[in-house]
Amino acid sequence: MKAIVTGGSGFIGSYLVAELINEGFQVAAIGRKNIGSLPPVRKKLLQGSNYFNLDLDNPDQIHSKLKDEGFIGPDLKYFFHLAWGGNYGLSDLDIEAQTKNINRTIATYDIAQELNVNRYIFCGTMEESFAETYTDLDYKNNNKYNRHVVYALAKISARHALKIRYAKGGPELIFGTNSHTMGPGDIRDSFLQESLTSILNKKDIFMSSGDQIFDVINVKDCAKAYISIANKGIPGTSYWIGSGEPRKLKEYIQIMNNLFFHVKIEYGSLPYNDVILDKKIFNTDKIKSDTGFLPKISFSDTVTQLAEFIRSNK
């Protein structure tokens, strides 16, 4: 069996590639970075894959390359689309860059159809739930802010575009929306990872009230969940991928602090003006009932793994 993963050089993408290889797949990993420039942990995860340094803005080149390498036909089971980026980071405020991501998404679905892929799996993000809430706000009377909204709205637009495209015929379409992922090899500037680094360096943490509802899943569990919905998911369905145990942000911070040095945490010392999501948004019943997937790695174990990685890469 064969599978294609865009964003294969990324955090979740590299773990997904490794899990697919473990399950016996021949994997084409597509990334916009040269493999030699990747962190060692990602290079290791990509070992055994067919890695292609290709640009999604050149779909004809991607189609030709994959076809030439034999990624076509009935044994090509899945196309996982994880690639997403901006000019100044994943969640930048560059509308033109985010619009390009929508066009790239449609291009990858067309490539999947041309290669006779069985199923196309789109990778969504937790920030989409924030964006959906923001669209209901009256901007004249509300000054709430979240820097992820532009990026997340582009993700939502890509979903709508894919649904329209799928209705015209093509590979079976499945959506996965993952909670915040953590694990070794993450280089993003997430608040949880920055807070863990502060704790390990015995530095005090200054934060908002911490009452925001959040969910975290280990990146390895997240990769396994994507494979589960590809294997057993119902076409046209959107699955939430998470721990099933969402908590307030300050509870996650406290767990990390208890595991290590008990630094001082000042809640409410930073301004916070954002929406607070309902725990119901993070419901994982659908993925459990349809695929049987259950995460196996706890938040505490995830933090311990990440702490070991951070310490070893100082």
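This is a predicted model: local features need pLDDT of at least 70, side-chain atom pairs count only at pLDDT 80 or more; totals for chains, interfaces and linings use all residues.
Residues are numbered from 1 along each chain as its sequence is written, and side-chain values use heavy atoms, without hydrogens and water.

I begin with strand E5, residues 119–125. Strands (E, at least two residues) and helices (H or I, at least four) are DSSP runs numbered from the N terminus. Seven of the seven residues of E5 are buried, so the strand is largely enclosed by the rest of the structure; buried means under 20% relative accessible area with a 1.4 Å probe, protein chains only. Arg119, Ile121, Cys123 and Thr125 point one way, and Tyr120, Phe122 and Gly124 the other.

Next, the pairing, which requires at least two DSSP bridges between two strands. E5 runs parallel to E4 (residues 76–81), with four bridges, and parallel to E6 (residues 172–178), with seven bridges. Arg119 is the bridge partner of Tyr78 and also of Glu172 in E6.

Finally, the second largest pocket holds about 200 Å³ of space. A pocket is an open set of points on a 1 Å grid over the protein atoms alone, with protein on both sides within 12 Å along at least five of seven lines; lining residues have an atom within 4 Å of a point. The volume is the space filled by probe spheres set on the points. Helix H6 (149–167) gives the largest share of the lining, four residues. Among the lining residues are Phe175 and Thr177.

Technical notes. Buried means under 20% relative accessible area, exposed over 50%, partly exposed in between (1.4 Å probe, protein chains only). On a 1 Å grid over the protein atoms alone, a cavity is a set of points where a 1.4 Å probe fits but cannot get out, and a pocket is an open set with protein on both sides within 12 Å along at least five of seven lines; lining residues have an atom within 4 Å of a point.
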